[in-house]
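Me: I am new to this structure and would like to learn how to read its features one at a time. Could you take me through them slowly?

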Amino acid sequence: MAGAMWPGALPLLLLLAVLLHPSRCTQGGKVNFREKEKQVLDNILGPGRYDARIRPSGENGTDGPTNVKVNIFLRSISKIDDYNMEYSVQLTFREQWLDERLRFNDFGGRLKYLTLTEASRVWMPDLFFSNEKEGHFHNIIMPNVYIRIFPNGSVLYSIRISLTLSCPMNLKLYPLDRQICSLRMASYGWTTNDLVFLWKEGDPVQVVKNLHLPRFTLEKFLTDYCNSKTNTGEYSCLKVDLLFKREFSYYLIQIYIPCCMLVIVSWVSFWLDQSAVPARVSLGVTTLLTMATQTSGINASLPPVSYTKAIDVWTGVCLTFVFGALLEFALVNYASRSDMHSDNIKKQFPPSDQMEHSSSIDPSSELLEPDGSANFAMKPLVRHPEDTMSMDKLQQCEIHMQPRKKNCCRSWLSKFPTRSKRIDVISRIFFPIVFAFFNLTYWSTYLFREEEGDE
């Protein structure tokens with residue numbers, strides 16, 4: 001019975017196999033478009049169909065230059081090196097151009113674009129970064145690069161790269177300065193007759209929102225063109241200028257406030273006793289050496305430029321104030337020894353002894369002749385006119401030689417008997433006033449020059 005039923009069941013099994021075959025699903029309208037992508041790629045990039053050595057034609061199929069639109073996404077800025085005058089960035093770089101040889105059927109919008117990972121299969125612009133020092137691609141886990149081909153023949157090239165770029169800096173206002181660092185992109189071999197770079201309309205440069213720099217702030221960026229002419233022709237060039245403002249709070253805490261403290265500490269010497277020679281000398285020498293060490297540490301992190309920086313003016317004046325305080329003690333020490341010498345003279349010849357010595361002389365001796373006879377001076381009874389005129393002049397001189405009013409400063413300084421003490425008292429007032437005037441001049445000058453330089 002089983003053998004009789006087998007011939008009738010075989011046609012049914014064959015019919016089910018035909019109905020369930022995958023090709024029936026495709027014929028029913030369910031197309032595998034991944035297979036279509038392979039067919040399209042083989043069709044437009046197959047052997048003998050596309051030559052990557054030939055550049056695309058210009059607009060509307062003409063022989064004009066190929067227009068390449070560029071935009072970049074700035075991912076991070078790792079460092080800005082003042083000594084080497086360079087900065088490091090990581091960015092996503094994108095180029096887009098039209099190559100009509102790569103047009104394909106999108107099957108009613110089902111194929112939005114084709115993706116490639118080998119840039120050598122299509123024509124690529126020969127762009128390079130003209131101010132690059134070092135650079136590398138990112139290959140973890142896979143190479144961070146892709147090429148998208150759209151149905152109209154438009155090609156989008158995107159890659160993530162890290163670059164170290166040169167940034168010539170003007171440090172005259174350091175650390176109150178602003179620096180402009182550029183990113184320049186140009187064609188290496190194609191002239192403007194064959195290739196032109198253009199910034200993408202709308203938003204050509206994008207910056208990550210949480211961009212953070214330790215000592216700088218990115219204030220703004222500007223895009224521009226920088227075409228260059230050489231002996232071999234004119235080459236298209238793009239540039240973006242990044243304006244960085246240096247964060248002043250770090251330098252205020254690390255440089256300016258410590259220098260002010262060292263200068264003020266050197267003034268403590270004015271309040272110490274004149275006889276405390278070891279204390280005043282050690283204080284002056286210690287502050288001077290500390291200030292010199294601070295200055296050398298600041299210059300070690302900066303390039304040896306030929307002009308004077310704002311920080312050089314500050315450290316130089318502070319060092320001068322500290323050195324001046326040390327010289328002031330040398331002057332005080334010399335004046336104190338002079339005061340001691342004059343005191344010793346007064347002790348040996350007091351004014352009272354001199355008066356007694358002068359009073360011991362007999363006035364009558366002037367009237368005696370050598371032989372002992374008396375000699376009386378005869379005064380004339382009648383005055384001559386010349387004597388009258390001399391008396392009038394003496395009276396006028398006495399009127400003009402009346403005692404003047406004492407100056408308030410002199411009267412105040414007269415409270416301190418010795419010259420050395422007066423020098424210390426004057427230094428207590430003179431040094432702080434001059435240092436305050438210097439601060440007023442310094443900050444107003446360099447802040448004004450900073451605003452002027454930005455304009």
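Me: Let me start with the inside: what volume does the largest cavity have?

Reply: Please keep in mind that this is a predicted model. The largest cavity has a volume of about 60 Å³, and the structure holds one cavity of 30 Å³ or more.

Me: Which residues line the largest cavity, and which strands each supply at least two residues of that lining?

Reply: The lining consists of Ile-72, Leu-74, Tyr-87, Val-89, Leu-165, Leu-183, Val-205, Val-240 and Leu-242. Strand 1 (66–81), strand 2 (86–98) and strand 14 (237–246) each contribute at least two residues to it. Sorted by class, the lining of the largest cavity has nine nonpolar residues, with no polar and no charged ones.

Me: How should I read a pair of aromatic rings, and how many aromatic pairs does a search of the whole structure find?

Reply: The general idea is that such a pair is described by the distance of the centres and the angle of the planes. Here, a search of the whole structure finds 27 aromatic pairs. One of them joins Trp-267 and Phe-435 in an edge-to-face arrangement, with 5.8 Å from centre to centre and 85° between the planes. Trp-267 lies in the loop between helix 4 (248–266) and helix 5 (277–300), while Phe-435 belongs to helix 10 (residues 419–454), so this pair ties together parts that are 168 residues apart in sequence.

Me: Which other aromatic pair does Phe-435 form, with Trp-314 as its partner, and what is its geometry?

Reply: Trp-314 and Phe-435 form a tilted pair, 6.2 Å centre to centre and with 55° between the planes. This pair also links distant parts of the chain, as Trp-314 is in helix 6 (residues 310–348) and Phe-435 in helix 10, 121 residues apart.

Me: Where do the charged ends of Arg-148 and Arg-428 sit?

Reply: The charged end of Arg-148 sits over the ring of Tyr-113, 4.6 Å from the ring centre. For Arg-428, the charged end is over the ring of Trp-271, 4.1 Å from its centre.

Me: Which residues does the UniProt annotation "transmembrane region" cover?

Reply: According to the unreviewed UniProt entry, that annotation covers residues 248–271, 283–302, 314–336 and 429–448. In the model, residues 248–271 are 79% helix and 0% strand, with the end C-alpha atoms 34 Å apart, whereas residues 429–448 are 100% helix and 0% strand, with the end C-alpha atoms 29 Å apart.

Definitions and conventions. Residues numbered from 1 in each chain as written. Predicted model: local features only at pLDDT ≥ 70, side-chain atom pairs only at ≥ 80, totals over all residues. Heavy atoms only, no water. 1 Å grid on protein atoms, 1.4 Å probe; cavity = no way out; pocket = protein on both sides within 12 Å on 5 of 7 lines; lining within 4 Å. Points joined across faces, edges and corners; volume = space filled by probe spheres on them. Helix = DSSP H or I, 4+ residues; strand = E, 2+ residues; numbered from the N terminus. Nonpolar A, V, L, I, M, F, W, Y, C, P; charged D, E, K, R; others polar. Phe/Tyr/Trp six-rings, centres within 6.5 Å; stacked < 30°, edge-to-face > 60°. Lys NZ or Arg CZ within 6 Å of the ring centre and 35° of its normal. UniProt positions renumbered as here; feature names shortened; annotations may be inferred.
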